[in-house]
Amino acid sequence: MKAAADYDFVAEALPAFLSEAQEQIENLEQLLLQLEDRPDDNELLNALFRCAHTVKGSAGIFGLDRVVAFTHHVETLLARMREGHVALTPALSTLLLRCNDQIRSLVAEAGGQAQDESAQPCRDELVSQLQAAAGLAAPVELVSESPGDAAPRWHVSAAFGVDTFRNGMDPLAILNYVRGLGEVPHMVCDVAAVLPLDQLDPECCYLTFEFGLFTPVARDQIEGAFSFVRDDCSLQVIAPGATATDFVALINSMPDNQRLGDILVNAGAISQAQLQQALQKQQLAATKGEALLLGEVLSDTVGIAPRVVEAALDKQQRQQRAAAARGGAAGNSAPDDNRFIRVQASRLDDVINLLGELVIAGAGASLLAKQTKQRKLVEANAQISRLVEEIRNGTLQLRMVPIGETFSRFRRVVRDTAAELGKEVALDIVGGETELDKSVVERIADPLMHLVRNALDHGLETPQQRIASGKPGLGTLTLAASHEAGSIVIRIKDDGRGVQRQKVLQRAWERGIVEQGSVPDDESILRLIFEPGFSTAEKVTNLSGRGVGMDVVRSNIEALRGSVLLTSTEDQGSCIEIRLPLTLAIIDGFLVGVGLSKFIFPLDAVVEVIENRACSERLDTRGRGVVELRGQVLPVVSLRALYALDADEPERSSVVVLQAGSRRYGVLVDTLLGQYQTVIKPLGRMFKSLRGMSGSSILGNGEVALIFDVNSLCQMAAEAAEPSGPTPERNRSIPTEGLAS
Amino acid sequence: MSTLQLAPELTIYTVAELHPQWLAWLGETATPGTESAALDISAVNQVDAAGLQLLLSLKHMAMASGLQLHLLGSSNVLETGLAALGLGGVMGGVMGGMMGRAQVGEPVAAGASA
């Protein structure tokens, strides 16, 4: 019965543990990398230690012994580093990173992945390196007291389950048996756990024991003594040579135990002096739960930051739940105080799809209501629309995640890749808190990875080359994210050698991508890099340069309705700019009309509108011109002319002023139809090549409106504003005939 | 001073029976003004952890109501059992736990016996 409940609990909680452990492992990696930059930062070291400790601790709860055993060694080294005995060197950092990889794979194995036995020798090797690095032939022992005989001292903590008596087991007999294994200098019973007579169920067992055991026998045998009660006894056997950390972990693993300090002293685990010191501190300390405080002070005394304890508290709660589940008293009490719930992404997607339908249906209802001219009905519909909008914002918010997590994954990539290539690179991350839709984040990670590797491999030079060309030996790679006009912009910038046009051109000729001898304009040369089957690296490394990649990167980004742009100055560096829509689903739009056609601008990009002005400006044949806005010249573009819309020129028109990047420009339209909740539908294949458009949407009356991509439209307007600009105009193929709705 | 005569067998087989008896005794004994009472252990000849836990629980409750409990007589079995569970100090008259907060009370043998 109990075993079954226990099993259920583990099965239920294991996925949560795995995902938490993965987070901790990610954290570990980030912290290690940060620590490399700031080796003196104690806070980082503490945080690092906490991470390792949490992984070990929670793995312990689930009985993942392999994880615990391995992580223990990492933790020990980190503890030594915190105490200042060991300083971080690059070699040590690499060792710790490799260990972290092993922890990751051990956790993955615990999650059901096939065990990789070949990794075992590697792990053993790492463990011995860890021990060597920690300078521990024999780990520091807290207890100086040690009797004459040479048998090692184990520490045993045994909390018997409530049903021990009912199952016919007698702890007294078990403890007497343990005494037969070796010498028990002090047996300590946690008397406080035994309830007063009036509350006691005399057939329930509340006994918990702590004792030291001097014995030459192995762990198996010690644990074997408890084998009959193993199912509902919480047993911890701490090996000889345990550090303070283990005991703090023990303290933390025992909920509500105010007297544990005493118990540990009595059991000889820590010295009375250490406890006295701790207790004095405790008296000074504030009025928190006494148990926690003692844990805190104790950990202080033995050199573990209070935060360890805090971090352990979560775990403690979990353990209490585990205990409750084990005790069967609360049955399978579900965790109810979690701050996060994990939801399957597909469920969220379903909701968002439905929401899209709701928005469209709502728009239709509003339209019909307006046609009836019944004020109350219109008002009611307006109210519904407002609510729908709020639900929409809330729901989309659910899917937003900061991009920083994705960025920081690259720290390791940069570190390892740079080391492999013999380059020195500092990674700079800007705007990691910028949020975007989770589905976008997931799909952008791979292209980003490729671009980062590319920058490292092709962009940045070796220190010698850099110094020779008068640059600092340390290269810089910047990953930056920011929000701009309803889209997110990700920039991957390096200060390397830049794109060498001549080489690119040479290669393009060889590959037949460009006709032999013809020299396209600069922008086109840069775009060649994104052509399929193009690679300029002279030496093909295993990192990049296999000729797959940049074209895949581009198509991946374009599949997300994004765009990628490369700018580069030879010998100064390159910058790849990726623009992505914030979300793939629903945006706030601004609806305008030109003739009979309706268009939508993303509302975020609309700065202002100039309404109902006389059409006086002169436009060129492509519909581009300028207007004056508060004494400034504003380039404008007329949609009618640009897309050859078949409609009469109105007498008056309006200008929608849009912001794209750092530029502003105006769009001439006939009518302004106001804000509109826009469910984005992809453009059909036929319109994919249409410049300036990013999608379509269905209006309430069933009409289709095209959604503008403000940036590419901006390029058209900007080009118009400088008619003799250096950039030759590209050949645009706009299937205008397919457009008139 | 009121004294509770402990039964010979303090085990899982008897605790359910003993529990209400002891509770009743404590209810009568722990009246305001009464500071101490005694447990006569001399008859005890069989113990297990459940029985010892019940004894410890009795001690706790008495302590909570301001009543000092002392052990009367001797029982090898009981004393060995208490020692084996690390309870020797607790039941031997030291009421305050292990931090030395409480005074050590000598088992009072003088005076009343039932």
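Helices (H or I, at least four residues) and strands (E, at least two) are DSSP runs, numbered from the N terminus. The views below show a predicted model, in which local features need pLDDT of at least 70, side-chain atom pairs count only at pLDDT 80 or more, and totals for chains, interfaces and linings use all residues. Residues are numbered from 1 along each chain as its sequence is written, chains are lettered from A in the order in which they are written, and side-chain values use heavy atoms, leaving out hydrogens and water.

**View 1. D571(A) sits in the loop between strand 10 and strand 11 of chain A.** Although D571(A) is not a glycine, its phi is positive, at about 70°.

**View 2. R630(A) lies in another loop, between strand 15 (624-629) and strand 16 (632-638) of chain A.** Here too we meet a residue other than glycine with a positive phi, near 45°. R630(A) counts as exposed because its relative accessibility is 63% (exposed means over 50% relative accessible area, buried under 20%, and partly exposed in between, with a 1.4 Å probe and protein chains only).

**View 3. Helix 20 (residues 550-559) of chain A has M550(A), D551(A), V553(A) and I557(A) as its buried residues.** These residues are on the same side of helix 20 of chain A because they cover an arc of only 155° around the axis (the arc is that of the directions from the helix axis to the C-beta atoms). Among what covers them are helix 16 (438-459), strand 10 (563-569) and strand 11 (573-581) of chain A. After helix 20 of chain A comes R561(A), with a positive phi near 60°.

**View 4. Helix 6 (residues 171-179) of chain A packs against helix 3 (residues 76-84) of chain B.** Their axes are 10 Å apart, at an angle of about 70°, so helix 6 of chain A is roughly perpendicular to helix 3 of chain B (a label for angles of 65 to 115 degrees). L172(A), L175(A), N176(A) and R179(A) meet G81(B), A83(B) and A84(B) in this contact (heavy atoms within 4.5 Å).

**View 5. The largest nonpolar core has 63 residues.** Such a core is a set of buried Ala, Val, Leu, Ile, Met, Phe, Trp, Tyr and Cys residues joined through side-chain atoms within 4.5 Å. F211(A), F226(A), W22(B) and L58(B) touch the most other members, while helix 2 (residues 49-64) of chain B gives the most to this core, with nine residues.

Technical notes:
Axes are lines fitted to C-alpha atoms, for helices over the stretch in contact, and angles run from 0 to 180 degrees between N-to-C directions. Angles under 35 degrees count as roughly parallel, over 145 as roughly antiparallel, 65 to 115 as roughly perpendicular and the rest as oblique.
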